[in-house]
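I opened a new notebook page for this chain. The entries below record what I looked up.

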Amino acid sequence: MIRREDMTKDQLLQELESLERTVSEQERQLEIAGQESRRATRKLIELRQLYTSLFDGSIDGVVFVNRTGKFVDCNCAFEEMLGYTVEELRELHFLEVTPEEWREFEETEIWPKMLRTSPFSRTYEKEYIRKDGTVFPVELHSYTVLDETGNPEYLWGVARDITDRKRDE
């Protein structure tokens, strides 16, 4: 390998041109990466807006529960349905708003069977307990989100108050 101090002027110019090409290529790659990053950011913003409009705009209650059964988040419709704020719900396990007669079904059928063997449950009916203690019927769909190892990370559900429908039956 030739030391720089031993290089001829032509060799130095060739090396300089090579370095300039390398820098130019790296600048071009950075520009492309910047464009891709801006596109990804725009897409992320669009998806967040879509998620927010679906989450906040749903007339059904949408709820997120972690793998231990604690509430993580919910929309306003779920808060209104149960009479709790999201902050209050975060202190509760979902079984605390489930009447005793439904707990075994949730613990033996929904969690271990449906949600661990399939990413979503069939539509099923159960009841919830409002903050004021009243019990009311709901129709529920539950979906499991898996972590990178394939284990349930959290569950989200869509709950519909079916009190009026049940009364009319």
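I take a contact to mean heavy atoms within 4.5 Å. This is a predicted model, in which local features need pLDDT of at least 70, side-chain atom pairs count only at pLDDT 80 or more, and totals for chains, interfaces and linings use all residues. Residues are numbered from 1 along each chain as its sequence is written, and side-chain values use heavy atoms, with hydrogens and water left out.

I listed the contacts of Tyr 128, not counting residues up to four places away in sequence: among them are Phe 78, Leu 82, Val 97, Phe 136, Leu 140 and Ala 159. Helices (H or I, at least four residues) and strands (E, at least two) are DSSP runs, numbered from the N terminus.

**Entry: Ala 159**

Ala 159 sits in strand β5, residues 152–161. Is Ala 159 buried or exposed? I use buried for under 20% relative accessible area, exposed for over 50%, and partly exposed in between (1.4 Å probe, protein chains only). Ala 159 counts as buried because its relative accessibility is 0%. Beyond its neighbours within four places in sequence, Ala 159 contacts Asp 60, Gly 61, Phe 78, Met 81, Tyr 128, Glu 139 and Leu 140. I also checked Glu 25, which is 134 residues from Ala 159 along the chain; their C-alpha atoms are 54 Å apart.

**Entry: overall form**

I counted five helices and five strands, in the order α-β-β-α-α-α-β-β-β-α from the N terminus. The radius of gyration is 28 Å, well over the 15 Å that the globule rule gives for 169 residues, so the protein is more spread out than a compact globule. That radius is taken over C-alpha atoms, and the rule is 2.2 Å times the number of residues to the power 0.38. The C-alpha trace spans about 95 × 30 × 30 Å along its principal axes. Of the 169 residues, 30% count as buried.

**Entry: salt bridges**

A salt bridge here is a side-chain nitrogen of Lys or Arg within 4 Å of a carboxyl oxygen of Asp or Glu. I found 15 of them in the structure. What does Lys 131 form a salt bridge with? The partner is Glu 88, with the closest N and O atoms 2.6 Å apart. Lys 131 lies in the loop between β3 and β4 and Glu 88 in helix α3, so the pair ties together parts that are 43 residues apart in sequence. Lys 131 is partly exposed at 45% relative accessibility, and Glu 88 is partly exposed at 28%.

Asp 164 and Arg 167 also meet in a salt bridge, at 2.4 Å from N to O. They are separated by about one helical turn because they are three residues apart in helix α5 (residues 163–168). Asp 164 is partly exposed at 49%, whereas Arg 167 is exposed at 57%.

I noted a salt bridge between Arg 165 and Glu 169 at 3.9 Å, N to O. Salt bridges that share partners join Glu 125, Glu 139, Arg 165, Lys 166 and Glu 169 into one network.
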